[in-house]
Amino acid sequence: MSRIFSTIGTLAVRFRILVVIVWLFGAVVLVHFLPTLSSVTKANNTAFLPANTPSMKAAKLAAPLDGSSKVSPVTLVATSKAALDATDQAALANIVTAARKVPTVIAAKEIAVAPDARAAQIRVISTATPYQQGADKALISNLESAVSSVRAPPGLHVYLAGQIADQVAGQKSSSHAGGSVEKFSILFILILLFVVFRAVLAPFVTLIPAGLALLVAEPLIAESTKIGVPVSSITQFMLIVLMLGAGTDYGLFLVFRVRENLRSGLEPKEAVVAAVTRVGESI
């Protein structure tokens, strides 16, 4: 086994520039061309149930009674500080017309007005469904653009509600939260590494490989959803903490072994090969 890791260490040292280029190029390509992890996470636990579970079978049997599951409603809620007047009603009619032109929308109409006439509801029916990768986000984005294209009178505000709108808002919130967790994790780890190493370059040398691995892992996991791998909303947070934490931990393990080899008199390249040979299997 040690011979294998000795070979890995030798090749990594000999082709170190190529190894770095491949990792950097791979990270850039994957991040650019593959979906983000936050865009494919599923907050609904039923998405993880196999089709043969009793509850899923029951839902399938109940579909004809509950209505088609292939269409989903989005509610547009219009509110005003005063009673809706003719100008407001004309704007709502224009919003309905604009919503009907949105791709995947099959129907749109005003369905209710509040008793005090200060609010109204518009129901939009679309073939896009919640947790449908890309389609739900595109629907909400297009509806928001449709609403914005209509010049609403001052005081009239229109909001999107419903399961699809909630799902898309949740994805945005999850993405923002994941970015914050990642930034604070990196900052916290860097502070700890500066304390441990008492050097400027060593903390970055230890953390950057873990960061690259995280950049590569996220789009690959997101792409795996296309072959049926479900991804929970907690996956993104766990991935950041575990990969940065464990990756840095293993980096420390390897760097300190290299330091020991340098102190024992080995040349830098030999010290790296010897360190990978000794601790590679453990890592």
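Predicted model: local features only at pLDDT ≥ 70, side-chain atom pairs only at ≥ 80, totals over all residues.

Q: How many aromatic pairs does the count come to?
A: Ring centres must lie within 6.5 Å. The count comes to two aromatic pairs.

Q: What are the ring distance and plane angle for Phe-194 and Phe-204?
A: Planes over 60 degrees apart count as edge-to-face. The centres of these two rings are 5.9 Å apart and the planes stand at 75°, so Phe-194 and Phe-204 are edge-to-face. Phe-194 belongs to helix 6 (residues 163-197) and Phe-204 to helix 7 (residues 201-224), so the pair ties together parts ten residues apart in sequence. Phe-194 is partly exposed, at 33% relative accessible area.

Q: Is the pair of Phe-197 and Phe-256 stacked or edge-to-face?
A: Stacked: 5.4 Å centre to centre, with 15° between the planes. Phe-197 is in helix 6 and Phe-256 in helix 8, 59 residues apart, so this pair links distant parts of the chain. Phe-197 is buried, at 4% relative accessibility. Phe-256 is partly exposed, at 33%.

Q: At what angle do the axes of helix 8 and helix 9 cross?
A: Roughly 130°, with the axes of helix 8 (residues 233-263) and helix 9 (residues 268-279) coming within 8 Å. That makes helix 8 oblique to helix 9. The crossing is right-handed.

Q: Which residues make the contact of helix 8 with helix 9?
A: Among them are Phe-253, Leu-254 and Arg-257 of helix 8, and Pro-268, Ala-271 and Arg-278 of helix 9. The contact residues divide into eleven nonpolar, one polar and two charged.

Note on methods
Residues numbered from 1 in each chain as written. Heavy atoms only, no water. Axes fitted to C-alpha atoms, helices over the stretch in contact; angles between N-to-C directions. Helix = DSSP H or I, 4+ residues; strand = E, 2+ residues; numbered from the N terminus. Parallel < 35°, antiparallel > 145°, perpendicular 65-115°, else oblique. Left-handed = near helix turned anticlockwise from the far one by under 90°. Contact = heavy atoms within 4.5 Å. Nonpolar A, V, L, I, M, F, W, Y, C, P; charged D, E, K, R; others polar. Phe/Tyr/Trp six-rings, centres within 6.5 Å; stacked < 30°, edge-to-face > 60°. Buried < 20%, exposed > 50% of the residue type's maximum accessible area, 1.4 Å probe, protein only.
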